[in-house]
Amino acid sequence: MKYLIRHLGIWAVAIALCAILPVIFSSDYAISLLSQMGIAIIFSLSYNMILGQGGMLSFGHAVYFGIGGFLAMHGINLIAGGTLPIPLELAPLIGGLGGLIVGILFGWLSTERSGTTFALISLGIGELIAASALLLPGFFGGEEGVSTDRMVENTITPFDFGQQIEVYYLIACWMLLCIVLMYLQTKTPLGRVANAVRDNPERAAFIGYNTRMVRTIQFALASFFSGIAGGLFAINYEIITAEMIGAIPSANVLMMTYIGGIGHFFGPIIGAVLVTFMQLTLSGFTHAWQLYFGLLFVSMILWAPTGLAGIIMNHEPAWKAGLMKKLIPSYTRATLAALVMFLGIMTLIEINYHLSLSIHPKDPMSLFGISFKAQSPAGWIIAIALIAVGFFFFKRGKNEVKNSWMDVHQAIKTGGK
Amino acid sequence: MSALALKLRNVRKNFGSSSIINGLNLDVIKGERQAIIGPNGAGKSTLFNLISGFYQVSGGTIEMNGHNITNLATFRINRSGLSRSFQVTNIFPQMTVFENIRCGLLWSMGYKYSFWHLCNQVRHLNEKAEEILERIRMTQRRDLPAGLLAYAEQRALEIGITIAGDAEVILLDEPTAGMSMSETERAVELIRDVTENKTLLVVEHDMSVVFDLADRISVLVYGEIIATDLPEKIRQNQEVQEAYLGKETL
Ligand SMILES: Nc1ncnc2c1ncn2[C@@H]1O[C@H](COP(=O)(O)OP(=O)(O)OP(=O)(O)O)[C@@H](O)[C@H]1O
Ligand SMILES: [Mg+2]
């Protein structure tokens, strides 16, 4: 409790933000985007309980999300029918408990070792459950999935959940609660020992810990939160198909979490917000959005493996010393150069997409309001020129950034400004 | 005869076809400080790995305080009161010094797999950790990531983690290896202090440390204990002289 009070400032801001955002961005589109972000945040934070905290790279985390989703879906149908006497607002808990139970089972099976063995088993379990979805149409609803109507009688809030905004607020409440709980979990004996087991399982065994048990409990708790996210998904969409337990959402949550940064608690939050935003907006602009997403993921892994959170936290000393202004000019130049380079790459990608995938490749295509023929050499030449120029200045910019960092380090060391 | 903390009978260990420990017998008396000496590759670390459950024995039995602990899981052996350090420093390098010690305390203080306590809120846990920090003289280093400590400090921290769980039997594998004279002196001081009223089994190459610290000495050669005796007797033992100590000045 004392803990919560000490951090009250941050939580107050978070609550205020959750309350105000849908007022500022009040379009239907924005509110459904925000709802999805909330679900993604829980999902991705729960994934990081396994990956970041426990050092287990899972390729099947959507299993627990999906099973939670299906269970909650059936739960809501039972609530609607009056056979399950709990309010709709608590339906995500059904998903959470389902995730927990399945998580205990598969956690115990897969956590004897971390590393490659764990990763492969998680992949296998993912495939296994996805395949069994077709064998158990009663539970998974076959091809068309399971659907529901969330407008049930039994609620504790005055909401009837006929409007997306009501669903949003429900998601936001669950999200805040889950964030607090997952954050506090990192401070508990189990949370600390999960780190110890990740860093040095051999040593952890010699301070009395059964490493497999530590991993299993950590895994099961993560599955619990994942199941809650699945339950919220059920309420949000009122339909869920077997795809949601499959490889694609599993890969998606992995990428979100990595892009956000696995080394800091808040990293996955950034990742979830950014990736959800990208997926929803980019997919409206271009068919090649998955390619851009892949490009971002690969670049992050290559050049910023600590993720966005890592990048942010690297600046903490400079920020505290008031030296950010030393960095900003070189950052601006490098970013501009990177943008030019990206513009070139993007032009190439879009031209190729137009050539190979559009119904009338001979028709002119349009990019940033400029209309041109994909076949004409001009587009290609401009694109390649942009890449070349961008690359040249980017290399220079990178050096400048490096130099200004050296300045900053020097200044911090000598204590001057 | 006094009660035995450790009793090894006819213990064997093969790696593939090579036999490293050959029917080894060893008695460690409760409360004593016993040193194991022997040439490189004699099997000293292997012996520690067998006792602590890190390796499975190929044959024989190991008892601790009268209970058979042969081939138990490492964490079970640890929970029943045996703790060890490693020849190559083995700590949690990314955690702070304080966290390292606190992690070492969690199990023995009953926090186990709890996810309903907040570590920072548990007063006596943190106090105990501070106390151990004080004891290993690392209070100043409290908040540093353990991986950034100097070598001798990392060794001291590992001893801190090893004793944190309040095990009665402590195994230390070459605790002063690679240290300077003054560091070694301090380490010996520390080891003597933290193993007060406990049973210590220590592998050590530095003879001054061995003779300084040990109540009794065992000599391990080619996977067998060829003698166990008081330090001055070991010094005079003909067989030991020939097998191992021959060229060294004692
Ligand atoms: N896991 C293993 N697999 C195969 N051989 C091993 C293994 N562990 C140790 N050995 C072998 O067992 C022998 C004894 O090694 P051990 O580390 O126990 O010696 P030691 O007495 O501790 O030596 P040192 O004084 O150098 O530390 C060596 O020949 C070593 O190569
Ligand atoms: Mg050795």
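Where is Glu238(A) found in chain A? Select it in this predicted model. Glu238(A) sits in the loop between helix H11 (211–237) and strand E2 (239–240). Check its backbone: phi is near 60 degrees, a positive value in a residue other than glycine. Glu238(A) has 22% relative accessibility, so it counts as partly exposed, the class between 20% and 50%.

Stay in chain A and select Phe368(A). It lies in the loop between strand E3 (365–367) and strand E4 (370–372). Phe368(A) is not a glycine, yet its phi is positive, about 50 degrees. Is Phe368(A) buried or exposed? It counts as exposed, because its relative accessibility of 56% is over 50%.

Next, go to ligand 1 and show the residues around it. There are 14. Gly41(B), Lys44(B), Ser45(B), Thr46(B) and Gln87(B) come nearest. Colour the shell by class: 5 residues are nonpolar, 7 polar and 2 charged. Then colour by secondary structure. Helix H1 (residues 44–51) of chain B gives the largest share of the shell, 3 residues.

Now display distances to the oxygen atoms of ligand 1. Start with the backbone. An N or O atom of the Lys44(B) backbone is 2.8 Å from a ligand oxygen. For Ala42(B), a backbone N or O atom lies 3.2 Å from an oxygen of ligand 1. Move on to His205(B). Here the contact comes from the side chain, with an N or O atom 2.9 Å from a ligand oxygen.

Finish with the ligand surface. On its own, ligand 1 has 630 Å² of accessible area, and the protein covers 62% of that.

Key. Residues numbered from 1 in each chain as written. Chains lettered and ligands numbered in written order. Predicted model: local features only at pLDDT ≥ 70, side-chain atom pairs only at ≥ 80, totals over all residues. Heavy atoms only, no water. Helix = DSSP H or I, 4+ residues; strand = E, 2+ residues; numbered from the N terminus. Buried < 20%, exposed > 50% of the residue type's maximum accessible area, 1.4 Å probe, protein only. Near = heavy atom within 4 Å. Polar contact = N/O pair within 3.5 Å; in protein donor to acceptor, adjacent residues only side chain to side chain. Areas by Shrake-Rupley, 256 points an atom, 1.4 Å probe, with all protein chains shown as cover. Nonpolar A, V, L, I, M, F, W, Y, C, P; charged D, E, K, R; others polar.
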